[in-house]
Amino acid sequence: MSANCLFIWADSGLSTKSNHVNAPYHFVHIGEVLDYVERNLGEEIDLLDIEAEQTEFQDIMSKIIHTNYKAIAFYINTENLQNTIKLQNYIKEMLPDCKTIGYGEMAIYLPKFFRNTNFDAIVSRECDQEIAILDFFQYCLGRTNEEDMRGVIVIKNKQLINCKSGEFLDPEEWGYTNTKKVPLEKYFDMEKKQQIVITVARGCPYNCPYCNAVLYYGKKERWRDAKDIVNYIEGLNYPYYKFFAPDFTLNEEKAMELCKEIIKSKKTIKWSCTTRPDLLKNEELIKTMAESGCYKIAIGIESVEKEDLKNINKRYQSKVIVEGIKLLQKYNIEYKALVMFGLPNQTKKSIEYTLNFLNSYGVKIRPTAYTPFYEMNHNMNEEQIAKYDKRTYYEGIPNLSYRNFLRLIYDTNHYKEILKEGC
């Protein structure tokens, strides 16, 4: 029997195509969301993860033509917007009765943009996206009324019409990636290691202007049950795991509980997470994290220079970063510094200061471009929006050419000689 519904992740642009920065999100926005919707819909759902599988266009079209889908959900971010719009238009030509819904960062950042597209609906803000997709699929299958869909914005005659308010799920309802359903080996190829990504918490009390965590999941942090996470891990046999949460060490009690459950299970794994530099103060927690297999923490420091931090509303001092580095080094946990180039009013000197500072402590550095998503507007076209790419976006730094800006991001080890050059 052919499936009625389909999830699609269209190919991204050149700069982020098959990039490890994107890889974890395939587990989060496809694997976990698909699992929830499929279980609650009560029937098989197809998946076309085009970015991961690098599927040929001919094969995509052939599958669409030979499967008369009633509903398709498209994951849409800045990087794949152009290709998604093109693909969706082709599908609408071939399957005019098929209903489509867009979800992901573009739907929450620029809902009004979709008024001038062929999408039938998008997922609203302040809503767990899988709830809206489930209700949309149910509606397309004739199982619920349009006005009863939670968190769905219907598009009619270039107008956005809100249905019922969205809802946030209880953590025990979240899905887990079905490793037999997704193109797992392709995800591993993107990550360059056999790493399974698991959402352990949603929500973030911090509202950083370059981050979409609050728009996705709200300000209130919600944690999965530690035993439930470990039960899922025990059913797998992979060496690496990423515990996905905006701020893993924000709720120290929950983080400690998960670590102790992993230790109790006696399953040997290596895992990583992400947090803020000012949330690395509890030595007992860091020690227990190391004992449970934590080998790396990505720290969103963005910059070390005082004015840079002030301009993005971050108030911690550099000594907080130093204390965190030393604490992680004490327990052999890698400190991966996430920095941004192109921050408001940033200078070459402040970039050099940050990189000199971090290199003096021997930490790994992963740079991206500061991307002010809040500057995007619904009157922009796909090409203009696509420029808001976190690996290439640039508004200008005095005496630093775009060429050298890109070199800083992609060849950071040679930053000293790059910064010495003029425009």
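Helices (H or I, at least four residues) and strands (E, at least two) are DSSP runs, numbered from the N terminus. The model is predicted: local features need pLDDT of at least 70, side-chain atom pairs count only at pLDDT 80 or more, and totals for chains, interfaces and linings use all residues. Residues are numbered from 1 along each chain as its sequence is written, and side-chain values use heavy atoms, with hydrogens and water left out.

Helix H11 covers residues 283-291, and its buried residues (under 20% relative accessible area, 1.4 Å probe, protein chains only) are Leu285, Ile286, Thr288 and Met289. Viewed down the axis of H11, these residues fall within an arc of 165 degrees, taken from the directions from the helix axis to the C-beta atoms, so they line one face of the helix. After H11 comes Gly293, with a positive phi near 115 degrees.

The sheet is open and has 7 strands, in the order S2-S1-S3-S4-S5-S6-S7, with mixed pairing; two strands pair if DSSP finds at least two bridges between them. Strands S2 (45-49) and S7 (159-162) are at the edges with a single partner strand each, so one side of each has no neighbour in the sheet. S7 pairs with strand S6 (residues 152-156) in the antiparallel sense over 4 bridges. Ile155 has Leu160 in S7 as its bridge partner.

Val33 sits in helix H1 (residues 23-41) and is buried, with a relative accessible area of 0%. Beyond its neighbours within four places in sequence, Val33 has contacts (heavy atoms within 4.5 Å) with Phe7, Val28, Gln129, Glu130 and Ile133. Val33 and Leu134 lie 101 residues apart in sequence and 9.4 Å apart in space, C-alpha to C-alpha.

Technical notes:
Buried means under 20% relative accessible area, exposed over 50%, partly exposed in between (1.4 Å probe, protein chains only).
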